[in-house]
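Please examine the sequence and the structure shown below. The paragraphs that follow lead from the backbone of individual residues to the packing of helices and the pairing of rings.

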Amino acid sequence: QEFGRKLVTVWVLGIGALYLGALVYAALHARESNHSDQDFLTAGSNLGSLIGCLTVAATLFSTFTLMGMPDLFRNHGVGAWFFLGISDCALAFVALWFGINIRRRMAVRKFDGFSGWLSEQYNSHQAAYVYLLGIFVFLVPYVAIQIKGISLFLASIMPGVMPSWAWSVAIVSVILIYSEIGGLKAIIFADSIQGLMLFGATLIIAVGCISHFGGIGAMFDSIESSSPALLSLPGPAGLFTYQFLIASFLAIVMIPVTQPQMSIRLVIMRDTPSLARMAVLLGLFSFVLILATLPIGFYGAALYAGDTTANFVAKVLVHDQSPVIGAVVIVGLIAAAISTADSQLFALGSELRSGAPSTRFQSLSMVRGAVVVFALAALVVSLVSNTHIVLLARTSFAGTSLLAPMILAAVFFPARLHRLIPMVAALGLIVFLSSLSGLVEDSVLGLRVDLVVFVSVALATATILALSR
């Protein structure tokens, strides 16, 4: 076992060196091809369908794909498919619908961020401030948990290399170096590598887990005989209630609308046909990838039902695999954490620049400085956060979804916008944050507070639009 662990470490260092070399090449190549600040921020607004699918998928599917989603199936059963699979496939349709309409509403070649665009549409900086508040409060902790989860995993798999905090610092340093050098082009290149590695590793492990049972039918028969509650809703722990699934569906499908790391990629697609092909590919990617995590989770339910999440993940992803596959998985998880974190941090910096009230704060150095500040904030949060990756991801999606009515109003009703709409969104954010911190109850009349707040914000926005002239 000790020899196997050392062999995995050797493979990890070798594959990891190739990955870092690719990042260096991407950063330097992107730096040479960036001829303006706009190129640095939007990658030339010339994104093709295949690369577009890979970079969007990489920002959407992070470390929780292999570390969180199988554990969700292991502990809560097939309801995780309704939570993640159906929602993410619907997300691809929303990405196409929103992408087409937002591209019609703005000058794509001059696009520099949603916060500035919202300020123009509402004729008020309040809209930009509310948008920035929402994405900062919910994206920085999400970035932090990516860093935290993969750092703990690496420290447990390779205990003799570095402690978890040192892995966190190393990951943040890599993100800052190539993001600052190459901008969005370098990030998109890294996303493409991560998307391919994650997809390939997940399929390989899923096939191995199905082979353990002797086939798909035998897998379900085995789970039915040992843990039948995993095959029905709401699952053994009662997590997947109807309210949870509806609220989660709304939160996830609004990601293309509300989270800038994804919405900016819709805007910078080469043209509408490329956007349409990207959305179809993203739907297929999501369907296959999430479905492949189900047998991995059921494999864990059959063999490692009593293990902690960390032990289960280490065993199923590394110890039960060949050294080469285990090393690819480890590097793939590092790439997943990096690609999700860098996309979100870069988007935060770009949006802060876009929403700045004065032109003297809109230089490219503003973006670079903001990315450093946000990265350090995420690093600090990662050192003190827990590791409930999937549920924290859902909280992030639910929080940013409260911005959707304000954004969609600006897209579809530009002549009826009122400054009360951003205030309604801000009030919704405050109430939701209060529920997370325990200041208010997490349910209202038996309904989940996140569902109540989202519906209330949407209805209030619709009422304001209806009464506005």
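This is a predicted model: local features need pLDDT of at least 70, side-chain atom pairs count only at pLDDT 80 or more; totals for chains, interfaces and linings use all residues.

Proline 234 is situated in the loop between α10 (216-226) and α11 (242-253). Leucine 233 and proline 234 are joined by a cis peptide bond, with omega at about 5 degrees. As background, most peptide bonds are trans, and most residues other than glycine have a negative phi.

Asparagine 123 lies between α7 (114-122) and α8. Although asparagine 123 is not a glycine, its phi is positive, at about 55 degrees. How accessible is asparagine 123? Its relative accessible area is 59%, and this residue is therefore exposed, since values over 50% count as exposed.

Helix α8 (residues 125-157) packs with helix α20 (residues 420-436); their axes are 9 Å apart and form an angle of about 25 degrees. Because angles under 35 degrees count as roughly parallel, α8 and α20 are described as roughly parallel to each other. The crossing of these two helices is left-handed. On the side of α8, the contact is made by Gln126, Ala127, Val130, Leu133, Gly134, Val137 and Phe138. On the side of α20, the residues are Pro422, Met423, Ala425, Ala426, Leu429, Phe432, Leu433 and Leu436.

The last topic is the aromatic rings. A pair of aromatic rings is described by the distance of the centres and the angle of the planes. The structure holds 16 aromatic pairs. One of the pairs is formed by tryptophan 97 and phenylalanine 412, with 5.3 Å from centre to centre and 20 degrees between the planes. This pair is stacked, because planes under 30 degrees apart count as such. Tryptophan 97 belongs to helix α6 (residues 79-105) and phenylalanine 412 to helix α19 (residues 404-412), so the pair ties together parts that are 315 residues apart in sequence. Both partners are partly exposed: tryptophan 97 has a relative accessibility of 33%, and phenylalanine 412 has a relative accessible area of 34%. Elsewhere in the chain, Phe61, Phe199 and Phe285 form one aromatic cluster.

Terms used
Residues are numbered from 1 along each chain as its sequence is written. Side-chain values use heavy atoms; hydrogens and water are left out. Axes are lines fitted to C-alpha atoms, for helices over the stretch in contact, and angles run from 0 to 180 degrees between N-to-C directions. Helices (H or I, at least four residues) and strands (E, at least two) are DSSP runs, numbered from the N terminus. Angles under 35 degrees count as roughly parallel, over 145 as roughly antiparallel, 65 to 115 as roughly perpendicular and the rest as oblique. A crossing is left-handed if the near helix is turned anticlockwise from the far one by less than a right angle, and right-handed if clockwise. Contact means heavy atoms within 4.5 Å. Rings of Phe, Tyr and Trp (its six-membered ring) pair if their centres lie within 6.5 Å; planes under 30 degrees apart count as stacked, over 60 as edge-to-face and the rest as tilted. Buried means under 20% relative accessible area, exposed over 50%, partly exposed in between (1.4 Å probe, protein chains only).
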